[in-house]
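Subject: Structure handover and what was found in it

Dear colleague,

Please find the structure below, together with its sequence. My notes follow it, and I would be glad if you read them with the model open beside you.

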Amino acid sequence: MAATAAATGGGKATVPKSGAISKGYNFASTWEQNAPLTEQQQAAIVALSHVVADRPFPPKLAREKVAGFENSLSISTKHSIGEDSGAIEAVLVNTNQFYKWFTDLEAAMKSETEEKYQHYVRTLTERIQTCDTILNQVDETLELFNELQLQHQAVATKTKTLHDACDRLLLEKQKLIEFAESLRVKLNYFDELENVATSFYSPSMNVAHENFLPLLKRLDDCISYVENNPQYAECNVYLVKFRQLQSRALAMIRSHVLSVLKNSSSQVLAALKNSAGNKASVSEGVEASAIYVRFKAAANELKPVLEEIESRKPRKEYVQMLMECHKIYCEQRLLLVRGIVHQRISEFTKKEALPSLTRSGCAYLMQVCQLEHQLFDHFFPLSSEDVSSLAPLIDPLCTYLYDTLRPKLIHEANLDILCELVDILKVEVLAEQVSRRGESLAGLRPTFERILADVHERLTFRARTHIRDEIANYIPLDEDLDYPAKLEQLAEIKSETSSSVQSPDVSKTWYPPLEKTISCLSKLYRCLEPAVFTGLAQEAVEVCSLSIQKATKQIAKRSSAMDGQLFLIKFLLILREQIAPFDIEFSVTHKELDFSHLLEHLRRILRGQASLFDWSRSTSLARTLSPRVLESQIDAKKELEKSLKATCEEFIMSVTKLVVDPMLSFATKVTAVKVALSSGSLKNQESAISKPLKDQAFATPEKVAELVHKVGSAIQQELPRVMTKMKLYLQNPATRAILFKPIKTNIVEAHVQVQSLLKSEYSPEDIQSVVDTISIQDLQAQLDSLM
C-alpha cells in the first residue's frame, strides 16, 4: 500500500504545474473571440462530444470471475496483463491461506490499478508537454503576428503619408491648373482687344456682316469685365480702347439704320408717286399698302440689329443708341405720314362742320396712330410699351389736328355745339376708344385731353356769357310780361286742343330767363367738372331768381300786385323743382381781403402811439399791414327758398286782407279801446271812448252788420276770383291747397274772433236782429267748396 501510495504520489508529482494550462485557456478564449465558430461547426462539436462521452475500458484490463463452491471457497480470476493472459485458481482451506490469498490478490489489484493510472499520467504528461510546446509556438507566432502588425502599421502610416502627399500634390496641381485657366480666361478679355480691333477696322466689316453682332457682344463682355475689375494693371487703358471700338461700332449701327430707313422711305415715296400718276390724291388702301407694308418689307433687315440693341437696353450706351434709333425712325416715318395726314384733315375741314370734323379727325388720327404703333412694335418690340418712344412721330400729327380745331373752338359760341364736342371727346373718343385700345393709342391721350380742356374752357366762358346776357341782363318783351292774359290764352289753347294731339312743350310757356337757365344747366351738367358746374349753377340760379323778381315788379305795375305775386311763386316753384335733380350744392365760398382795420393803425402810427419798426409787438409793420381774409358763403338754393317763402307769406297776407280786412280793422279798434279802458287813463274824463262797445261809433250793430256783410261779399265775390287766378297760375292742386290752407285759417280765425266779441259785448237780440253772422262750420264748408 505504501508502495502504491508512493507510486501514486510519485505519479502526481510528475504532473507539470507550469502556466501552460492557463495560457492555453487564454489562447483558446482569444481564439474563440477572434475566430468564432459557425452554428454548423458548433453542432458538429456537440455531436462529437456525445460520441466520446462513453469511453470503453482499456483493452489491457481483463474480466474477473469469482466462483464459489459448496463447503469451500473457490475464486477464479482471469487477468490479462500485456499481451499474455493466465488464470489463477486456488482452493482456500484455512484462514491463513485466505488472508494470504487475499493479500496477494489485493497486491495484484493495486499493482494493476497503479499501472493503469501511471499510464494515464504519462499520457497526460505527454499531452501537457505537447500543449506547452504548442502554446510556446503559439506565443512565438503571436509575437511574430504582433511584430508583423507593428510593421504593417508602420507601412500603413508611411503609405497614408505618401497618399496624403500625393493628394496634396494633386490638389495643388488642380489649383495651379484652375489658376492657369482662370488667368487664361481673364487674359482672353484683354487679348480680345487686338482681335476685335482688327475685325472692326477691316474694310469688309459692316453691320450686315454675320460676325458683326457676335463681335459686338464680345466687345460688350470685355467692357463689362474691365469695368468690374478695376484692380488689374492697365485696365483703364484697355477700357478706353474698348470704348473707342464700341463707339465706332455704335456709329456704324446708327449710319446703317439711317441709311436703310432713308432707302425705305425713298422706295415708299417713289411707289406713292407712281400710284398717284396724274391724280390729285391716292386712295387710302394704296396709301396703307405703300406706307406700311412696303416700308416694313424694305426695312425688315434692321429687325435683328434693333432687337439686339433692345436686348442690351440696361447699358447706358445702348439706351442712348436706342433713343437715337427711335428718333431716326420717327423722323423718317414723319416724312412719309405728315403730308398724307395733313391732306386728310384738310379735306375733313373743308367738308364737315366742327362736331363732325372733330369726330372724323380724331378717328383718322387714332387709325394712323394704331397702324404706326403696330409698325413700331414690329421693329422695337420691347420699346412699344413706352409711350414716349413714339412721341416725336405722334405729337406733330396731333399738333396739326389741335391747330386745326383750336381756332374753330375759339370762335364757336353755340353752347349746343360745345356740349356736343365735349360728349364726342369725353365719351366716344377717350372713354370708348382710347381707354379700350390701351397702349396703342396712349400717345394721343394728352392731345385729346388738351382739346377737351380747351372745349371746357370755351364752354365755361360761353356759359358765363350766356348767363350774363340772356338771363341776368334779359330785357323782357311786352308779350313776356302779358300776365295773366298769356296764361288765359294757353288755357284756351289746351281746352280747344283734343287729347289726341300732342300738347305743346311746357318749358316754352315759362318765363324766358327761367327756360334758358334750366336749359343751360341741363346741357352743362354732364359736360363740366362738378366744381366748375357748381359755380355756374349757383350763379345761374341766383341771377335767374333776380330776373324773375324784376319781372314780378313790372307785372305788378301792368296788371296787379296779386298777379305779380302769383307769377313769382309760380316760376320760383318751377325753378326749385327743376334744379332738384342736380346732385350738387348750390353754394360757393367767396374769399376777399379786408383792409378796413388799417386806417386805425395808421392813425395810431401818425399820433406816435405805435412804432412802425417795432417787430416785437403786435403793431409791427408786417402785422399791421397784413390784411384780413374774409370768407362768405352764398347758397343760391337757400336764397331761392327764402324768396319763395317770403312771397308766399306776402300773398297769403294780401288775400287775407282782401277778404277779412274789415274784421281785422274792427278787431284792432276793439283791442285798442280795451287797452285804453284797462290802462285807467280815462277814469276822470267823460268822453265817447268810455262808452260801452256797442255804443261806440265804429261798433254799433249797424256798423258790425255792415262789415260782416262786406266780408261775406268778399268771400263770395273776391275769393273766387283769387282762386281762379291761383288755378290759372298754379296748375298743381296740392300746391294750391298748401297755399290756400293758411288763407282759410286766417279767415276762420277772423270770424271766430268777431263772433266771440259779439257774444261778449252785444245782446242776443242785437245779434239776431241786426248782425247776420254765418256759423263757423258753414264758413269752413263754403271755403272748402272753393278748392
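A salt bridge is taken here as a side-chain nitrogen of Lys or Arg within 4 Å of a carboxyl oxygen of Asp or Glu. Please keep in mind throughout that this is a predicted model. With that cut-off, Arg558 forms a salt bridge with Asp478, since the closest N and O atoms are 3.8 Å apart. The pair links distant parts of the chain, with Arg558 in helix α16 (residues 530-558) and Asp478 in the loop between α13 and α14, 80 residues apart. Arg558 counts as partly exposed because its relative accessibility is 44%, whereas Asp478, at 55%, counts as exposed.

The loop that holds Asp478 is also the place of Pro484, which lies between α13 (445-472) and α14 (485-496). A cis peptide bond joins Tyr483 and Pro484 there, with omega at about 5°.

Other salt bridges

The structure holds 25 salt bridges, and I describe some of them here. In general, side chains of opposite charge can pair when their charged atoms come close. Arg254 forms a salt bridge with Glu324, in which the closest N and O atoms are 3.2 Å apart. Arg254 lies in helix α6 (residues 235-276) and Glu324 in helix α9 (residues 316-351), so this pair ties together parts that are 70 residues apart in sequence. Both partners are partly exposed, Arg254 with a relative accessible area of 36% and Glu324 with one of 26%.

Lys217 and Asp221 form a salt bridge within one helix, their closest N and O atoms being 3.6 Å apart. Because they are 4 residues apart in helix α5 (residues 212-228), about one helical turn separates them. Lys217 is partly exposed at 46% relative accessibility, and Asp221 is partly exposed at 30%. Elsewhere, Glu227, Arg243, Arg315 and Glu317 are linked in a network of salt bridges.

Surface patches and a buried histidine

Asp377, Glu385, Asp386 and Glu439 form a negative surface patch. Of these residues, Glu385 lies in the loop between α10 and α11 (391-411), and it counts as exposed because its relative accessibility is 59%. Is His373, in contrast, buried or exposed? His373 counts as buried, because its relative accessibility of 10% is under the 20% cut-off. His373 is found in helix α10 (residues 354-379) and, leaving aside residues up to four places away in sequence, touches Ser384, Leu390, Glu439 and Ser440.

A nonpolar surface patch of about 290 Å² is made by Leu142, Phe145 and Leu148. Leu142 is found in helix α4 (residues 95-200) and counts as partly exposed, with a relative accessibility of 37%.

The chain as a whole

The protein chain has 25 helices and 4 strands, and buried residues make up 35% of its 787 residues. Among its contacts with a separation of 6 or more, 76% are accounted for by residues 24 or more positions apart. The chain exposes about 47800 Å², of which carbon and sulfur atoms supply 55%.

Conventions
Residues numbered from 1 in each chain as written. Heavy atoms only, no water. Helix = DSSP H or I, 4+ residues; strand = E, 2+ residues; numbered from the N terminus. Buried < 20%, exposed > 50% of the residue type's maximum accessible area, 1.4 Å probe, protein only. Contact = heavy atoms within 4.5 Å. Patch = residues over 30% accessible without salt bridge, like charges linked within 9 Å, V, L, I, M, F, W, Y side chains within 5 Å. Areas by Shrake-Rupley, 256 points an atom, 1.4 Å probe, with all protein chains shown as cover. Lys, Arg positive; Asp, Glu negative; His and termini not counted. Charge placed at Lys NZ, Arg CZ, Asp CG, Glu CD.
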